[in-house]
Amino acid sequence: MSRPLLSVEHLTIRFGGLVAIDDLSFSARAGEITALIGPNGAGKTTVFNCITGFYKPDVGRISFNREDGETFLLERMDGFRIARAGVVRTFQNIRLFPGMSVAENLMVAQHVALMRASLYSVAGFLRMPRYLNAEREARDRARYWLDKIDLSRDADTLASSLPYGSQRRLEIARAMCADPHLLCLDEPAAGLNPSESLALNELLIGIRDEHKISILLIEHDMSVVMQISDRINVLEQGRLIAEGLPADIRVNPEVVRAYLGVEDTQDAEAVIGGRV
């Protein structure tokens with residue numbers, strides 16, 4: 001079996017006397033949607049922050065094994081270099097550039113490629129062919145994602161003026177414009193109504209199937225997790241208590257006890273079909 005795309009081994013991080021993540025190991029496979037779930041305070045976002053360079057773990061190894069053969073040890077890298085390696089994330093609280101238009105938000109996500117094409121100013125200033133070609137590709141990519149998230153008519157609208165659900169889709173599209181190998185989404189369905197959650201499911205499945213992009217997902221909405229995840233990892237108090245296919249996680253006794261807060265799997269079926 002080939003190596004997993006992402007391998008987290010014995011991850012431990014402490015904040016003062018509090019052990020937030022305790023000897024955590026799990027993996028995410030290429031071409032799959034991997035979910036990381038658990039009750040509030042389980043450590044999910046802390047894991048994301050370690051993977052994406054916002055926190056440095058006290059112990060552990062985070063290997064990112066790209067499909068092109070390159071391997072990166074993320075725990076040793078600066079955060080901006082992790083993004084350039086192809087690990088891109090969104091946040092639980094939307095972090096768009098509110099004073100920029102929808103299209104500008106998608107263009108700014110491509111600034112690294114544009115800066116390289118400009119030779120860090122000269123080629124851009126002189127409007128050399130290498131820069132003009134890169135700029136054209138960036139605009140084409142932005143237009144593609146505007147169509148994909150049904151915001152083409154709002155291209156010139158300020159991002160802050162969009163409805164909440166549209167802002168969520170825009171944030172995912174902006175992350176895709178950064179050309180990720182692994183897309184890390186922190187509660188993308190938070191605050192969405194059922195129809196918006198369904199549209200989100202279709203968008204994420206399309207990203208996986210059409211664009212062959214792997215997704216690591218934190219989510220509390222079980223209607224999203226169970227419908228789109230290939231594999232699920234469950235945390236409780238910073239430790240992994242279960243991993244497996246959605247059908248297995250749905251009836252796992254440890255998950256029922258720790259995450260769902262009910263006593264048996266029949267009750268679990270009633271809870272897991274809705275929002276947890």
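## Aromatic pairs

Four aromatic pairs are counted in this predicted model, where rings of Phe, Tyr and Trp (its six-membered ring) pair if their centres lie within 6.5 Å. Planes under 30 degrees apart count as stacked, over 60 as edge-to-face and the rest as tilted. Phe54 and Phe91 form an edge-to-face pair, because their ring centres are 5.6 Å apart and their planes stand at 90°. Helices (H or I, at least four residues) and strands (E, at least two) are DSSP runs, numbered from the N terminus.

The rings of Phe64 and Phe72 have centres 6.4 Å apart and planes at 35°, so this pair is tilted.

## Surroundings of Phe91

Phe91 is buried, with a relative accessible area of 16%. The charged end of Arg95 sits over the Phe91 ring, 4.0 Å from its centre; the criterion is NZ of Lys or CZ of Arg within 6 Å of the ring centre and within 35 degrees of the ring normal.

## Helix H1

Seven of the eight residues of helix H1 (residues 44–51) are buried, among them Phe48 and Ile51. Gly53, which follows H1, has a positive phi near 90°.

## Basis of the values

Residues are numbered from 1 along each chain as its sequence is written, and side-chain values use heavy atoms, leaving out hydrogens and water. In this predicted model, local features need pLDDT of at least 70 and side-chain atom pairs count only at pLDDT 80 or more, while totals for chains, interfaces and linings use all residues.

Technical notes. Buried < 20%, exposed > 50% of the residue type's maximum accessible area, 1.4 Å probe, protein only.
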